[in-house]
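Student: Can we go through this one together? I'd like to start with the big picture and then look at details.

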Amino acid sequence: MKVNPQFTLTHFQKWKLGFSLAIIYIPIRVYINVAVIDQKVFFHKLPLWIVSLIVSVVFFTFWITFIEWLQQYLHKLFGDVFLFEFKFPSQLTTLVIAIELAVLFNSGFRTLWRFMEVSLDPLYAVNNPPPSTPQILYMENQRKRLNNGLTVMALMAAFYLAANRRVYQRLQEVHSNSERLEKENVKAQFNALKNQVSPHFMFNNFSVLSSLIESDPELSIQFVNQLSKAYRYILEQASFDHIKLRTELEFVETYTFLLKTRFEEKLKVEIEVSEYERDHYSIVPLTLQLLIENAVKHNQMSSENPLIVTIRTKDLQLIVSNPLQLRPVSEPSTGLGLQNIINRYSLLKSGPVKIGEQEGRFVVKIPLIT
């Protein structure tokens, strides 16, 4: 079983990690090995330190590449848990190899350093003979141990940095998958809520049409035309989460015709929305149809006291209101109206739908989508 390529480091990431470690490692190594650093020593040693930095970058990058290969090989034996949870065998194996590499690296590093010093200053070999006294030898051995320990720590740091980078990449993928699943779930819920509206809408209007066919055949033809136009709108908007306010208001005019065919002058819908607002804002499809239907369902109306539904905008909200003229006995509620609107806007996370009573009016405030 191969590791997902997304969980392995790219060449750029390996070199970047190698450089990051070297830029910290070399100053600490210099601090350990150089007793006094003045201006003369600094400029004399600077070329050596630059070469040392380059060598260290290459070494650490090689190490990171090696542990990538090693852990992928061990992953085949132990699976994802081994790769991502830093199991003890992984750490122990890496530590043993790091110690061996550190000794080898420092031995080669000292040889390279002495060669570069002699190349830059041939008198160095004469002026700096090999240490001979027991104290100097002891200090030299101590320095070797410090260098080995420092290198081992740097190699282990590279191991954990590389491992943490893979874990971070995996967490990103998990987070991305979670977001994608959440969006798909929201879309499915949203479509389910919209699908509830369609059959309910058709049921109400077919009931009106059945009575018109006998009483007024000519009007029934107009009603069928407007009904087909309205239902076409429902079908066309089924794939959209939100639509232009102008498009929804045009549908309201068609829907109002269907209602006025039934209630005549007992119902009025007044729209106070500017041309600019119609073209620059959007809302969830069928929001207004459900609100007008809700007002008709729960309020009484007559020619002397018509039900007036007002639609206007204020502070980036579409405000739909009507006077409270509640029926003595309301029609049975299907639970579609207000709750459907609240659910759809909550899924879009566009802002809350505000519902309440103000000065004898029932008011619903819908957030406009910009």
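Tutor: Let's go from the whole chain down to single residues. Keep in mind that this is a predicted model.

Student: Okay. What is the mean pLDDT of the protein chain?

Tutor: The mean is 75. Of the residues, 68% reach 70 or more.

Student: Where does pLDDT stay under 50?

Tutor: Over residues 1–6. For that stretch, the model has 12 contacts beyond four places in sequence.

Student: New topic. How many helices and strands are there in the protein chain?

Tutor: The protein chain has 11 helices and seven strands.

Student: And how much of the chain counts as buried?

Tutor: The chain has 370 residues, and 40% of them count as buried. The accessible surface of the chain is about 21,400 Å². Carbon and sulfur atoms hold 60% of that surface.

Student: What about contacts with a separation of 6 or more?

Tutor: Residues 24 or more positions apart make up 79% of those.

Student: Let's pick a helix. What span should α8 have?

Tutor: Helix α8 covers residues 245–263, which is 19 residues. At 1.5 Å a residue, it should span 27 Å. The end C-alpha atoms are 26 Å apart, so the two values agree.

Student: Which residues of α8 are buried?

Tutor: Among them are Leu245, Glu248, Leu249, Phe251, Val252 and Tyr255. Further along α8, the buried ones include Leu258, Leu259 and Phe263.

Student: Why might residues three or four places apart point the same way?

Tutor: An α-helix has 3.6 residues a turn, so residues with that spacing point the same way.

Student: What follows α8?

Tutor: Glu264 does. Its phi is positive, near 55 degrees.

Student: Now the surface. Which residues make the nonpolar patch?

Tutor: Trp15, Ile50, Ile54 and Val58. Together they make a patch of about 390 Å².

Student: Which helix gives the largest share?

Tutor: Helix α2, residues 39–78, with three residues. Val58 is found in α2.

Student: Why does Val58 count as partly exposed?

Tutor: Because its relative accessibility is 42%.

Student: Last one, Met153. Buried or exposed?

Tutor: Met153 counts as exposed, because its relative accessibility is 58%. The cut-off for exposed is over 50%. Met153 lies in helix α6, residues 134–215.

Student: How far is Met153 from Ala102?

Tutor: In sequence, they are 51 residues apart. In space, they are 9.3 Å apart, C-alpha to C-alpha.

Conventions
Residues are numbered from 1 along each chain as its sequence is written. This is a predicted model: local features need pLDDT of at least 70, side-chain atom pairs count only at pLDDT 80 or more; totals for chains, interfaces and linings use all residues. Side-chain values use heavy atoms; hydrogens and water are left out. Patches are made of residues with over 30% relative accessible area and no salt bridge: like charges are joined within 9 Å, nonpolar side chains (Val, Leu, Ile, Met, Phe, Trp, Tyr) within 5 Å. Accessible areas come from the Shrake-Rupley method with a 1.4 Å probe; for residues, only the protein chains shown count as cover. A salt bridge is a side-chain nitrogen of Lys or Arg within 4 Å of a carboxyl oxygen of Asp or Glu. Helices (H or I, at least four residues) and strands (E, at least two) are DSSP runs, numbered from the N terminus. Buried means under 20% relative accessible area, exposed over 50%, partly exposed in between (1.4 Å probe, protein chains only). pLDDT is the predictor's confidence in each residue, from 0 to 100. Contact means heavy atoms within 4.5 Å. The expected span of a helix is 1.5 Å times one less than its number of residues.
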